[in-house]
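Work through the exercises below with the sequence and the structure open. Try each task before reading its solution.

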Amino acid sequence: MPAPPLLARSIDHGRRRVDRLAELAIAASALVTVTGIVLIFVFVFREALPVLFDRETRLEANLGMFFSPGSWQPVSDHPKYSFIPLLIGSLKATLIAVITAVPVAVLAALYTAEFAPRAIRELLKPVVEMLAGIPSVVLGFFALIVLATALQAITGSPTRLNAFNAGLALGFSIIPVVYSVSEDALRAVPSSYREASLALGASAWQTAVRVTLPAAWAGIFAAVMLGVGRAVGETMIVLMASGNAAITSWSAFDSIRTMSATIAAELAEVVVGSAHYSTLFFIGSLLFAITFVLNVAAGLMVERMRRRLAGA
Amino acid sequence: MSASVFPSVAPGPSVRELANPSRRAAQAGWNVLWTGVTGLATLWIVLIVAIILGTIVIGGWRTVTPTFLLGNPENGMTEGGIFPAIFGTVLLVFLMIIAVLPVGVLAAVYLHEYARANSPVTRAVRFAVNNLAGVPSIVFGLFGLGFFIQFVGRGIDGALGQGVLFGQPAIVWAALTLALLNLPVVIVSTEEALRAVPRAAREGALALGATRWQTVWHVVLPQALPGVLTGAILSVSRGAGEVAPILFTGAAYYLPYLPTSLTDQFMELGYHVYVLATQSPNVEQTLPLLYGTVLVLLLLTFALNFTAIVVRARLRRRMGLRD
């Protein structure tokens, strides 16, 4: 077999070098994602380390103080660093968001997947995408200026900015994710399930509520977990609409200060490397850990449901 | 032959229902009830969106004039326009997209074109993409401060040895933080587009002697362009609205000049909304400006989202997939 002409060989050589370079760039880009998440963890946690290991910092702020009852007064002559009011704040806001948003989102997903005429289904999708597209600072603005006034007129609560106001607006922000993941789950249920149910004489609602909904249960649970993760980490809405007072109270109509809002409100003012600075990064590490666990769990549930339905 | 030989078998009432007509009525009642309850939930969502948008449009449309869009804030930000915030936002997302687009597209190419479907590396990358999307935006802000400013920036300053230049909040750090935040958006929509490119296109190119990269660059990526654009637009829209990640990485309360270098701070629309809403010395007086700024921010993000939806709908129709 004759050798290929010289020119062709050098072209081929060049092509192969470009190919190898491209392959490197592609692999590097893929690794950026993995590196990114590792770096986020490492660098947020790294700034939090002094509250665990630095002797001098620990005199002012340490784990024992964080998790024992007390108050959050980091900027005073005798700073107090109890997370309890912040944890209660985050918990209250998240609970109110979940209670007000999840039923609405799941029922609407059930409507779209089971009952809605095609025209309404087509209309709803862009509406939910619009809601998802509203920046959280705009929802925060709405809750601060409009919603808070309306709610105060209805409830007569003495504090205008409170957990209920913030939680409700927080609920608006998680409706899209709960809705779309639930709807995906309901639609992933094979139509043979519905057909079998209808063929056995079940009515439309019986099929929807007793067959489709239970079959999609894992996916809907995952949707709720993703919603909770969003609500816990969401910052601008609670920063603007919650009143930002770190009070240990279980009332929905007292002001709250959440973990996320505390970071946002205080970090810009602190001295880099101080105990307060490390404490805020520690709160950030907690938020990262909570949302990470929720996301991983939700991912596993969706995966499991998909495999089970595919096997059926 | 007449049809009557084969009588139609339209689904009739079940034996049980025939035995008990009131049961049939009850079933119909339940159907109406469930359709009603789920329909009301849906209506509630539509109402929420309508009320939010309606309030903002009504409160803001009078403020949004050319002088507002092109003017500077005046009198302690209680008067004037928002041009520096618009300029800062555009520059910020421009820098962000330069950083995120190549990396996101190539990572998607890796996942869909190069990697073996279930290798440990692929699984790790997918895991990272999924979880990156769930990290709270405020944690991205902490990361930007801890990594880009304290570690990279200070590192560069130390190497240059001429005072603090990079080790402080700057537009480049804010843009890079947002780029990492938006990486999953670009990867997911690029991958979706790659999936729509028929196998035959790749096989044809390879059969003609193209290398793997030539196939990707000259055949696959051009066909996937709408999906790549969708991802880019969506990430710009999200980048323009996120405030928490830029709080400590470069956004400024007020600047008398426009950012001209990568190490400058900048004003931004979302942050400006936050500032006007919470730090204004006179809320009543600032309210029209606030509504106007919110309206501009919303119009910007919606225009971008709308474009992305249209592009994606066309892409999906070409794939023959349902929406």
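**Exercise 1: the domains**

In chain B, the centres of domain 1 and domain 2, taken over C-alpha atoms, are separated by 36 Å. The model is a predicted one, in which local features need pLDDT of at least 70 and side-chain atom pairs count only at pLDDT 80 or more, while totals for chains, interfaces and linings use all residues. Residues are numbered from 1 along each chain as its sequence is written, and chains are lettered from A and ligands numbered from 1 in the order in which they are written.

Task: state which residues form the domains of chain B, and describe the contact between these domains.

Solution. Step 1: find the bounds, which come from an automatic or database domain assignment. For chain B they are 20-60 for domain 1 and 69-319 for domain 2.
Step 1: count the contacts, where two residues are in contact if their C-beta atoms, placed from the backbone, lie within 7 Å. Domain 1 of chain B brings four residues and domain 2 of chain B brings five residues.
Step 2: sort by class, with Ala, Val, Leu, Ile, Met, Phe, Trp, Tyr, Cys and Pro as nonpolar, Asp, Glu, Lys and Arg as charged, and the others, Gly among them, as polar. The side of domain 1 of chain B has two nonpolar, two polar and no charged residues.

Step 1: six residues from domain 1 of chain A and six residues from domain 2 of chain A take part in the contact.
Step 2: on the side of domain 1 of chain A there are five nonpolar, no polar and one charged residues.

**Exercise 2: the fold of chain B**

Task: describe the elements and the overall dimensions of chain B.

Solution. Step 1: count helices (H or I, at least four residues) and strands (E, at least two), which are DSSP runs numbered from the N terminus. Chain B has twelve helices and two strands, in the order α-α-α-β-β-α-α-α-α-α-α-α-α-α from the N terminus on.
Step 1: the C-alpha atoms of chain B fill a box of roughly 95 × 65 × 35 Å along the principal axes.
Step 2: compare the radius of gyration, taken over C-alpha atoms, with the globule rule of 2.2 Å times the number of residues to the power 0.38. Chain B has 27 Å, whereas a compact globule of 323 residues would have a value near 20 Å.

**Exercise 3: where the chains meet**

Task: how many residues of chain A and of chain B are in contact with each other?

Solution. Step 1: the count is 73 residues of chain A and 69 residues of chain B.
Step 1: helix H1 (residues 6-48) of chain A gives the largest share of the chain A side, 21 residues.
Step 2: by class, this side of chain A has 51 nonpolar, 15 polar and seven charged residues.

**Exercise 4: one helix**

Task: which residues of H10(A) are buried, and which are exposed on the face turned away from them?

Solution. Step 1: a residue is buried if 20 or more other C-beta atoms lie within 10 Å of its own, exposed if 12 or fewer, and partly exposed in between, with C-beta atoms placed from the backbone.
Step 1: Trp205(A), Ala208(A), Thr212(A), Leu213(A) and Ala215(A) are buried. Seen down the axis of H10(A), they fall within an arc of 150 degrees (of the directions from the helix axis to the C-beta atoms), so they line one face of the helix.
Step 2: the face turned away from the buried side carries the exposed residues Arg210(A) and Pro214(A).
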